Each structure stands twice: as structure tokens, then as C-alpha cells.
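Please read the following report alongside the sequence and the model.

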Amino acid sequence: MVDIFFDKLYRYPRINECVSIAVPFAKGELYNTDNISIVQNKRKCIIQPKVTAEYDDGSIKYLFVDFMADLPANKSAKAVLTTTKQELANLIADGQSECAKQDGTVSVTPVNNGFLIKCGGLEYEVANNSSSIFRQLNDYRKVYTDKNFEGPYLKDKDGNAYKLKIGEWKVVEAGPVTASVEAECSNIAVGNIENKNIKAVIKVTGYAGKPWVNITYRIINTSDDELKIKSLVFYIKKSEDSVITEQLKPLKIAAGNDSTGCGDIRTDNSHNDGPVFMTRGTTELDMIEKKADVNNIRTVVATSNYKTSFIIGKNGEEVNEVIDDKYLVKEANEHFAEVFYGTFMADYTDGEDGFSVTVHQAQQNYPKAVKSCREGVAVMLVPENVGEITMQSGMAKEQQFMIHFHSPAMKLWEIDNRSLIYQMPDRPYIAPEVFKRAGVMIDVFPVKYNDDFEISLMAKADGHSRCYGMLNWGDTVDQGYTVQGRGGGKPVWSNNEYDYPHACALMYARTGVRRFMDYLIVSAKHWMDIDVCHYSSNPLRIGGQWEHTAGHCKNGVMVCSHEWVEGLLDYYHFTGDKRGYDTAIGIGENVLKLLETPMYQVPGEANARETGWALRTLTALYVETNDNKWLVKCDWIIDNFKKWEEEYGDWLSPYTDNTAIRVGFMISIAVGSVMRYYRIFPREDIRQMILRAVDDLTENCYMDNGLFYYKELPSLARNGNNTLLLEALAIAYELTGNKQYLEYGINTFRSAVNEVPKGAVGVKTIIDDSVICQGNSGKGFAQSFIPLATYYNAISENNMTF
């Protein structure tokens, strides 16, 4: 049995809420999902299990489960996952072997060149080779047709308008808790100007018993040129013959901020004649709604930071809201923005029906705009004449929004409530002991807890900068690279260097703290979109990850030392989104191609970091897939390390034309990578090679002050602070049991623990297409987490103090 925990979150109950959890298992513990159940309050929950990884014996390594839970208001909650019939019988009430609620589950049925998805709260059809996301949608009050849904429509800065052509839909998930269908699309320039055809992928997800759907739209620049987006707009129209122009007419209503939530009203006009601006206070919202005639059209746009602010129009009056860089710079926000910033929605309600649209993380992915008017709602994923969005060749960007169909009698605060939950959904978690017991991760789970160390580690995890902007959210600027001039005067993006998402995943597993999961999700999504090449005329780039550079990929290169996969695989296991797995496989294929190029053919000419990271990537892919094709180059790299050592006497790196030097952190990367291979295929010759490398570090790179120098040249032998050497020392201890290796790292460890990161909330700066908040590059935490955690485990095991 595995306990599943929900933290206290919302002041309103969520009944049959669709949630998900990832659960790891030890090898040989579970071979199928036949007897998997989740029990809450002595009743079975409706579940949708999926195996995301298996061991080489066919047993389950990771199980991802969507399920429906009842979550109380202002209280924590708990459920239990069982794997046997006996465990289930011990937990459920007598005679209650059936699920708590059987109606309202999701089903997917092939129909008439498409699919019919029934959710209980609504049903909809999607059609192959169409120009609209929905062929038909029925919310049981009104039937909408394809004429009610338009786009997303693309326009570029050259003045070209594009038609959307949706290809064939395929089923991704088929229920009973969630159902997803996905289709590849083409954005074809009107008149086929210069044969322009920009690819996209649309995914529609429905939820059991719920009257809302989630839409993801992922645009991919499949041209050889920059794609300068002028606008990208989705429309929901109230009737088939209505027309919505995307032009915005700002209302310029003064923004109020009432910390009491009472809702001071600011308006350009009287309450009866014009739009009303108010912050959320349910009493006043009810007052406004009672004044409105339900047969008239109510239009609403809303945005939140602390309290939600509404602009409410009556009689179909147009209202809109825009988020741009100036908006963000002027607005204070104290949240960890990966978890929550606020909401951003538009609502249309008439006497027959209503629908609202919420853009997910709109502020973080600015520029954004929404509009509600007599004709319906416009969702501007890129609003016209607001900001500058330039996608380089091969870039992709996924954005998502929720359409919530509701009764015209539904209160505005209820609509707002679901919009806010969409931005910050309930995320259950399991205890760190479950991960440790399963052994699916490197052992970062503490033997003993030390408050100073835990405080320091959490501060490092939280201390990264938040960089807002549609193409930048989920990444950080590396100031070190920037001041070195590597961006030619422009900010250099770290591009998730050192596998920042993997560090977040390990931190989440180690603590159970949800925000580290959110860090993982946001950074992995950016990585999959922006930092990977999805299209190129150069086959050596396809599927590969860009090295840190300006503009994420401008003048970028692909080298094995900057291509990671473990964080993407973590993302897949924890979210069930197979795009993480597919992206990791693509990166692995790219690494294999790069290793065939001339620079890697002579041992010693490619430094330890290059082939070391390649070995780590390929080993991780073998562990994930059990496919021997990844091992061919692993064995080749191990042999190259041996030849390298024989030629130079140690793992030295070419530096100036006439020097080959010791670079401690690069050697440590190689040690860590070879050790990952050794743990899977232990051999004495590999063990001895690792120990010789660590002995060389302690004998030649260790200084009298207890630190290791940076690099082995008189001009570079300054105090080093790179924590990667701590992992090498912990590995040597793991291989020998000799705690002398650990003593070499005490000063480096103490220095790292005492280093206080800059706060992540503070000065905001507009640079190009980003609003950059102060804070560190994610690279620092990514590089230091595993060394610090594994070294700490080793010294605490030996009762060593720091």
C-alpha cells in the first residue's frame, strides 16, 4: 500500500476532482495493473492507470494514475493506493467494492471520420481534415457547431494570414478519468505565399463529469527563416454567423487593489451604463449580477494577483484585458510563479448559456489578451501590436487554455473559482520513503536530517530567477556567461544546463514539496519546446538540445556536453505526458549522431565533460528503455576513457595550444557518468579507473586551505567552489568505504551550504522579449544538487560534522 497525501488548499470542496499521481515500485514487486485500486474514505475511486517505465524483467518501475478524489474545504486529505485484493478488502467499507461514483466517466468512440468524446459534463466531436477544433459540442444546454470555434489563426509580421488545416486525430488517452485526442496541423499562408506552411499540434483533453475541456496548441517553426508572429487568436462565437474582430479597444479603467477583498468599484461610467471594475468580494459580485437582466449578455474579463479583478460589461458591451511587459513590471507578486501567479480569463453569458476561457499562466507567458463582447470571446495567445514574438527556425511553443461551459445562472465567483484552480490544481504527493524504497533514483534521500543543510538546499532550489515571456518562461539567464560576452551583448540563456529539471524532480521526490514538481513541469516544457531543435536542414541538429546561448538558439551549437535526458524522463514519469519520453529519445539519437563526427574520434581531443555527459545520457536511456542500442556507444566511451588515461597518464583536458591540464569539475563529471554506467554493469577495471581519477584529483588539485583549485594553470589556480567534486568524493567513498575521501570535501561543502542565494523576488528588468527578475541561473542548483545531497548522505552516515 502507498499513502497519497493532499495538502490543504482551497476554501471550497472539490468533489470527484480529477487528479493524478506517479508511484514507483521496486524491481519484481508489481507486474501488472490488474489489482491496482485507490481508496478514499473507504470507497474505491475511479482510476486510470498507465505504466510509464518497466524493468528489464517486465515488472513495473513507474505507474502513473489519474483518479477522482473528494477534497474537503480548508482541510488536507488522504487516499491509499493498493496493489492486491486483500489490501483493498481491508480498506473498503462492507459491501462497497464498487467505485464511489460510476456515472460521468469519459469515453472515446470512433465516429464518421473522427471521434466522439463523452465526458458526462459535456460531449464533443472532432473531425479529421477540418479547419475547426470541434465539429460539434453539446453542453446539454446548447449545441455548438464548427462555425462557433475558429482558429487559433496565425498572422505574421510580413502581413501573411494563415488558414488552419487540422489533420487526422489520434487517441492519446481514452478514459475513464481523462480523454485526450491530438492532431497535427498546418498553418498555410493564404494564397500559399512562398509555400509557407507552419506546423502545429492541437490536443483536446476532457475530464470525467466536468463541463470544461483543456486545449493545448503547439506551434512549430518549420521554416528556414525566423517566424515573426503578429497575432495568434482563437475565437468562440455565440452564433454561427457572428464575427469577432481581434482589434482591442482598451477601456483604461483604473485598477484598484483592495486588500480586504471588499471590492472597491472603479468605473469610467455609472454602474448602470458602463463596464464595472471590481476586485473580488462575493457580496458585491452577487449584487452586480442581481442587477443584470439574465436575458441580456454579460461580458467579463478578469485577472488576478492577490484578489481577482473583474471588468464587467452589460448588454454585450466589449471588455478586454492585456498583459504586456509594462504590466508585469508595475505589478508586485509574491508567489512562486511556477506554482501560481494569478488567473486570466474572459467570460460570455447570455440567457441560454455561458462559457469562460482561462489562459494558463498568461502572465508568465506574456504577451496575452482576452476580449469578451456581444459576439463571443477572443483569446489572444499573441495579441496584435503588443510585444514582439520571434521564433527561430526549429523552435516550438505550446500554450494552453481551458474552456468552461456553464449555466447562465452560475455565479461569477464560481466561474472564478474554477479558473483559479486551473492555474494551481491540486497535486497529491507520496512520501519520500516510497521513492527511496523503490530504488528508482540515485540515492539523495537523507540518512539524518540537518536543519542548516535542508534550509540551504531549499534556498538554492528556490533562488533561481523567474524570466517571464512566451519564449523564455521556464529558463534563466546565466549572468556569468553573459558578462563573458558569449551573447555578443545579449543575455545568454542557460537552456536548462546541467539538467535543471532532473534536480527539481529529485528535490520533489526527496521532500514531497509540490513547488519542486511545478519547477520541473515548467522547465521541462520550456526545454521540450524552445531548447530542442524540431526542424532544420542540417540533420545533425534534428532532435538535439542547444547549448547555452543568446536567444536560446541564435548562433547555438549542439555538443554532447550539453544534451541531457534524465529530467525529461522524470517529467514523463511524473506527468504521464509522453512528449517528455519522445524528446529524450530524440536527444539520445542526436547524441549518437554527434559521436560519429570527427571531433570525437580521437581520445583526448574531446574533453571529459563532452564524452562524460554523453555516457550519462546514453546510460539513462538504456535504463529507461532496456534497448541495447544505447550501450554500443557506452562501451565505446568507456574504452576511450581508458585510452585517454593511457595517453596522458590521467584525464587531462587540452587547453592552450601547448598545455593539457586538470580541470576538476570536468573530471568529476566523467567520474559521475562512468559511475552511473558502473552501477548497471559493475566491473573491477572500471572501478579502478574511477578511483585513479579521484586519487589524481586529491593528490594534484587539493590546496592547503582545504579547497580544490579551479583549473591547473598558474593563471587559473584560484579557489574553486564547484560542488561537482563532492560527488566524485562521495563516489570514491561508495566504492571503497574509506571516509578519508570525504574529508577532502568538508571545506567545499561548508562553503556551499553557507552560500546564501539572492532572493528570487525583487527587481524586474525588461530586456528584449523578457521581463527578468533578479535571482540565480538554474544552472547553479542543477549542478550542485546531486553532489551536495550524495555527499551529505555520506558524511552523515559517518557522523562527520561540517
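Strand β15 (residues 178-189) is largely enclosed by the rest of the structure, because 9 of its 12 residues are buried, where buried means under 20% relative accessible area, exposed over 50% and partly exposed in between, with a 1.4 Å probe and protein chains only. Helices (H or I, at least four residues) and strands (E, at least two) are DSSP runs, numbered from the N terminus. This is a predicted model, in which local features need pLDDT of at least 70 and side-chain atom pairs count only at pLDDT 80 or more, whereas totals for chains, interfaces and linings use all residues. Residues are numbered from 1 along each chain as its sequence is written, and side-chain values use heavy atoms, with hydrogens and water left out.

Strand β14 (residues 162-174) runs antiparallel to β15 and is joined to it by 10 bridges; two strands count as paired if DSSP finds at least two bridges between them. Within this pairing Glu-173 stands opposite Ser-180 of β15, and the two strands form a hairpin with 3 residues between them, where Gly-175 in the turn has a positive phi of about 95°. β15 also pairs with strand β16 (residues 197-207), again in the antiparallel sense, over 11 bridges, and Val-181 has Val-204 of β16 as its bridge partner.

## Helices α14 and α16

Helix α14 (residues 664-680) packs against helix α16 (residues 724-736) at an angle of about 40°, with the axes 8 Å apart; axes are lines fitted to C-alpha atoms, for helices over the stretch in contact, and angles run from 0 to 180 degrees between N-to-C directions. That angle makes α14 oblique to α16, since angles under 35 degrees count as roughly parallel, over 145 as roughly antiparallel, 65 to 115 as roughly perpendicular and the rest as oblique.

The contact, meaning heavy atoms within 4.5 Å, includes Phe-665, Ile-669 and Arg-676 of α14 together with Leu-724, Ala-728 and Glu-734 of α16.

## The sheet from β8 to β12

Five strands form an open sheet in the order β8-β9-β10-β11-β12, with antiparallel pairing. β8 (107-111) and β12 (143-145) stand at the edges with a single partner strand each, so one side of each is left without a neighbour in the sheet. From one strand to the next the twist averages 15°.

Inside this sheet, strand β9 (residues 114-118) pairs with strand β10 (residues 123-127) in the antiparallel sense over 5 bridges, and Tyr-124 of β10 is the bridge partner of Ile-117.
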